[in-house]
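Student: I would like to go through this model with you. Please show it, and I will ask as we go.

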Amino acid sequence: MMVPENLNYTSWLTVKQMMSKNFIVLHPDDSLRTVVQHYQDSRLDTLPVVDNDGKLTGVFPKKRLYRALLDGSSLDDPCTPYIIYQPVSISSDLCYDDMSMAVRTSKSLVDYVVAVDHENKPVGMIGTAEYLRGSQKVIITSHVLLESIFNADYEGIIVIDNTGKILRINPVAETMFGFNSSEVKGLLLEHVLPDLKLFNGRNRGVKQIIQSLPVIVSQVPILANDIQIGTKIAFVDISDMEEMARELEIVKDLQTNLDGVLNATSDGVFVSDISGSVKYVNASGCRLIGNTTEEMAGMPIKKLLSSAVPAEVSKTGVAEVEVCSIKDRNCIVSHIPINKVIDDETRTVGVVSTIYLDDNRLTEEIARKWLSLRQQIQYYRDELEKHGNSFDNLVSKNPAFTKMKKDAQRIARSSSTVLLTGESGVGKDMFAHAIHAASPRANHPFVKVNCAAIPESLLESELFGYTPGSFTGASKKGKIGYFTQAHEGTIFLDEIGDMPLSIQAKILQVLQDKEFMQVGGVSPEKVDVRIIAATNKDLREAIKEGTFRLDLYYRLNVIQFSLPSLRERSEDIIPLAEVFITKYNEILGANVVGINKAARDALLIYSWPGNIRELENAIERAANYVWEGEIGIEHLSAQIFQFNQKAYEPSSYRAVLNDVDKEMLLVALKKANGNKSAAARLLKMSRSAFYEKLGKYGLC
Ligand SMILES: Nc1ncnc2c1ncn2[C@@H]1O[C@H](COP(=O)(O)OP(=O)(O)OP(=O)(O)O)[C@@H](O)[C@H]1O
């Protein structure tokens with residue numbers, strides 16, 4: 001079968017493409033002999049006659065040659081009398097449809113017709129054969145086009161004849177009404193689809209229910225020369241749209257109800273999205289702030305309520321209550337996360353902050369009590385901290401550690417420099433505090449400096465202070481450094497292994513001469529401090545690598561305590577856990593009474609790469625879950641009970657990710673012998689990102 005090359009209108013429908021270019025022209029004064037000779041060389045039945053300029057003036061059909069010969073003309077006579085002047089010609093630029101129209105209106109075109117260019121010069125001839133060949137091509141292309149339109153997958157089509165009998169059904173209609181084209185062809189449509197209501201003439205888009213299916217029915221008469229020969233009926237399934245419209249109605253109703261409920265309450269309701277932008281404020285909220293919802297939409301909730309808690313709630317997904325001072329009123333505000341299940345994971349997508357504005361005095365009273373309780377808790381926490389600094393609070397049944405405590409108590413009386421080594425979380429900080437608390441300097445400051453957490457560029461000025469205006473960006477008043485703050489007391493240089501070499505030289509100077517120079521200073525400042533340094537790095541390795549000064553190491557290493565890891569003092573695991581249970585019962589107001597056998601076993605088997613800090617975190621976490629009763633294995637984090645249980649039962653996708661994340665930090669720390677910078681390097685993480693993660697999981 002002939003297939004259309006493409007659907008370009010001009011490429012297959014012009015006269016130029018249909019005409020035969022094989023023709024010979026005659027001139028008016030040519031002899032009949034020339035005409036005979038030309039016809040002998042040509043397959044055509046008509047030849048064009050042109051003037052001296054080559055323009056078409058007439059045609060000479062073969063029939064006219066026969067007539068001339070029958071009239072007794074001699075072959076040398078001119079052909080002029082037999083020429084047909086003013087012949088019908090068509091422009092070679094015409095398209096098929098225009099030519100077709102010309103063919104239908106001019107009977108003479110059934111024979112050959114001359115195709116001319118815009119100067120009326122013959123460029124081709126079209127006869128019946130060419131016309132038929134072109135027509136066939138057009139018919140095939142039209143058929144392909146019609147089929148593709150007919151089989152389009154967005155509407156069902158049924159074509160019937162004038163008696164209502166089905167002629168064609170497209171696949172969409174078959175699926176829509178559940179029948180097969182071959183079964184129903186030739187049947188009366190009204191029998192096949194009795195629900196269908198047909199109208200007279202054209203009908204565009206009427207909704208009807210056919211076989212319980214809501215459809216839009218359009219009815220278009222099929223005309224041939226203005227006479228109807230059939231009808232096309234098109235069906236569009238609108239069940240999805242109906243469903244959407246129904247849902248939209250429900251949402252609208254809900255919105256109206258919700259607005260009604262939210263505006264009926266005297267409490268102020270503020271809805272913010274995950275980025276902290278206000279999305280909705282009810283009438284009471286608007287009255288309280290004095291703005292409309294539209295004015296407040298998009299504003300940061302943080303600014304509106306002067307509270308950072310909504311941001312926290314959207315991060316943690318845990319509801320919070322707080323007291324805020326809004327428009328000079330102490331108000332209780334609850335922040336509830338809006339949770340949504342996305343890809344099987346519950347995510348917080350916003351926060352509803354409700355300000356309880358009931359006019360009775362109760363709210364104010366509760367708010368006042370809340371604030372005072374919070375202050376009291378802070379006070380007791382501080383007290384607890386102060387009393388927690390003695391050696392008595394360093395819980396241990398381990399003989400080596402107990403001896404270490406005794407030795408430390410003895411040396412506390414002197415001002416000698418102390419170096420504490422040991423993995424992260426073994427209690428170096430607490431040990432340093434205890435030495436200070438047991439020393440004659442106890443009533444003077446204990447200043448802790450985390451050398452790894454302060455950016456190198458700031459460390460010198462933080463430690464030694466700077467004089468007014470000593471560098472760009474410096475405060476005009478200057479700044480007192482940690483060494484000056486610790487005068488007569490103790491300075492605890494934590495993570496000393498991470499101290500840059502340039503600063504190490506200055507520390508050495510303080511140790512040797514008890515004086516240092518402020519940044520930008522001109523004369524040295526005297527200071528009386530005891531230095532306790534701590535590190536979880538192997539300083540001898542650092543010396544070998546050239547990152548730590550040997551002379552400083554000797555100066556620091558006057559008295560050294562190497563604190564054992566929790567693995568090396570496993571007899572302390574349960575006593576320490578019990579101390580933490582008491583601590584968190586007090587802090588949380590919980591009533592955890594102990595640890596059951598399985599959980600004890602798990603705690604004892606676990607390797608505790610994060611040492612006592614990790615144990616404390618584990619107990620705090622468990623106390624939050626248990627609240628009252630015993631800690632069981634189910635209250636411990638995955639990596640702890642994993643040591644006991646084969647099956648891994650994640651509580652949620654995010655919790656598992658967090659556990660794995662945390663475990664990676666701990667494994668890296670363990671591998672790096674507690675050296676945080678090295679652990680960060682192992683994980684190919686920046687030091688600051690590593691510290692941020694340690695902070696997130698309470699590991700620093
Ligand atoms: N013997 C102990 N008894 C009770 N609590 C302890 C004891 N040792 C450490 N802790 C607690 O364990 C946690 C970690 O201790 P600490 O901060 O002193 O460790 P660290 O060795 O200084 O860690 P890092 O090297 O990461 O700074 C603290 O919350 C501390 O209160």
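Student: Which residue in strand 11 is the bridge partner of isoleucine 157?

Tutor: This is a predicted model: local features need pLDDT of at least 70, side-chain atom pairs count only at pLDDT 80 or more, and totals for chains, interfaces and linings use all residues. Residues are numbered from 1 along each chain as its sequence is written. Strand 7 (residues 156-161) and strand 11 (residues 227-237) pair in the antiparallel sense over 6 bridges; strands pair if DSSP finds at least two bridges between them, and strands are DSSP E runs of at least two residues, helices H or I runs of at least four, numbered from the N terminus. In strand 11, isoleucine 157 is bridged to alanine 234.

Student: Which domains each give at least three residues to the shell around the ligand?

Tutor: The ligand is surrounded by 19 residues, counted when the C-beta atom, placed from the backbone, lies within 6 Å of it. Helix 17 (428-437), helix 23 (573-588) and helix 25 (611-626) each give two or more. By domain bounds from an automatic or database assignment, the contributors of at least three are domain 4 (392-562) and domain 5 (568-696).

Student: What is the ipTM of the model?

Tutor: The pTM is 0.45. The ipTM is 0.94.
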